[in-house]
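Before you set up anything on this one, let's walk through the fold together. Here is the model, followed by some questions and answers.

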Amino acid sequence: MRAVLIVLIASAAFAGFGCDSVFDKGCPDNFELWVEYQLFMGRSGPDGDIVDDAEWDAFLADAVTPRFPDGLTVLDGNGQWRGAEGQIQREESKILIILTPIDDEQSQDLIEQVVTEYKTRFEQESVLKTVDKTCVAF
């Protein structure tokens, strides 16, 4: 078991080097370098209420689509995290994926506006955000 763990750790470490070298050389032919944002948005409220499908759809229409009209992807998720009180919390979530051109200077601010709106509207403690570079082709 220990050998398997060492192999997995080594594989993960070397995998990162491969990704960096792809971006150092640029994207493959017919691909462009873009930014990928992922937002992990819990659906459980502080008083046990759930952000239902109608509320999510309204949020998407009101707060997200006007800021990112060119497109986005929404996935359903089930996750867990440790809350401020130290307890493990499990909840359904929405994963929002937004790709923007690398030179889009407004996208970071727009992402923050979406996160702030979600936290305020649904009384969320936090929204997990990730950002990465990726090569895309349409």
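One term first: helix axes here are lines fitted to C-alpha atoms over the stretch in contact, and angles run from 0 to 180 degrees between N-to-C directions.

Q: This is a predicted model, so which element has the lowest mean pLDDT?
A: Overall, the chain averages a pLDDT of 85, and 83% of the residues score at least 70. Where pLDDT is low, the predicted coordinates should not be read in detail. Helix 2 (residues 53–64) has the highest mean, 98, while the lowest, 43, belongs to helix 1 (residues 2–24).

Q: What pattern does the chain follow along the sequence?
A: The chain has three helices and four strands. Read in sequence order, they give α-β-α-β-β-α-β.

Q: In what order do the four strands sit in the open sheet?
A: Start from the edges: strand 2 (73–82) and strand 4 (128–136) each pair on one side only. Strand 2 is joined to strand 3 by 10 bridges, strand 3 to strand 1 by nine, and strand 1 (residues 32–42) to strand 4 by nine. The pairing is antiparallel, and the order is 2-3-1-4.

Q: Which residue of strand 4 is the bridge partner of Gln-38?
A: Strand 1 and strand 4 run antiparallel. In strand 4, Gln-38 has as its bridge partner Thr-130.

Q: Which residue in the turn of the hairpin has a positive phi?
A: Strand 2 and strand 3 run antiparallel, and they form a hairpin with five residues between them. The phi in question is about 90°, and the residue is Gly-86.

Q: At what angle do helix 2 and helix 3 pack?
A: Both helices lie against the sheet: helix 2 goes across strand 1, strand 2 and strand 3 (88–101), and helix 3 (residues 107–121) across strand 1, strand 3 and strand 4. Helix 2 runs at about 30° to strand 3, and helix 3 at about 10° to strand 1. The two helix axes are 11 Å apart, and the packing angle is about 145°.

Q: Which residues of helix 3 make the contact with helix 2?
A: The crossing of the two helices is right-handed. From helix 2, the contact uses Trp-56, Ala-58, Phe-59, Asp-62, Ala-63 and Val-64. From helix 3, the residues are Val-114, Glu-117, Tyr-118 and Arg-121.

Q: How many residues are in the largest nonpolar core?
A: In soluble globular proteins, nonpolar side chains tend to be buried together. Here, strand 1, helix 2, strand 3 and helix 3 each give two or more residues to the core. Phe-59, whose contacts include Met-41, Val-64, Val-114 and Tyr-118, is among the residues with the most contacts inside the core, as are Leu-39 and Leu-96. The core's residue count is 20.

Q: Is Arg-43 buried or exposed?
A: Arg-43 lies in the loop between strand 1 and helix 2. Its contacts beyond four places in sequence include Asp-49, Asp-52, Asp-53, Asp-76, Glu-91 and Glu-92. Glu-92 is 49 residues away in sequence, yet 5.7 Å away in space, C-alpha to C-alpha. Because the relative accessibility of Arg-43 is 6% and the cut-off is under 20%, Arg-43 counts as buried.

Q: Is Gln-106 buried or exposed?
A: Gln-106 sits in the loop between strand 3 and helix 3. Arg-67 is 39 residues from Gln-106 in sequence and 9.8 Å in space, C-alpha to C-alpha. Since the relative accessibility of Gln-106 is 55% and the cut-off is over 50%, Gln-106 counts as exposed.

Q: What percentage of contacts between residues at least 6 apart join residues at least 24 apart?
A: For context, 28% of the 138 residues count as buried. Among contacts between residues at least 6 apart in sequence, the share joining residues at least 24 apart is 69%.

How values were computed:
Residues numbered from 1 in each chain as written. Predicted model: local features only at pLDDT ≥ 70, side-chain atom pairs only at ≥ 80, totals over all residues. Heavy atoms only, no water. pLDDT = per-residue confidence, 0-100. Pairing = 2+ DSSP bridges. Contact = heavy atoms within 4.5 Å. Core = buried A, V, L, I, M, F, W, Y, C linked by side-chain atoms within 4.5 Å. Buried < 20%, exposed > 50% of the residue type's maximum accessible area, 1.4 Å probe, protein only. Left-handed = near helix turned anticlockwise from the far one by under 90°.
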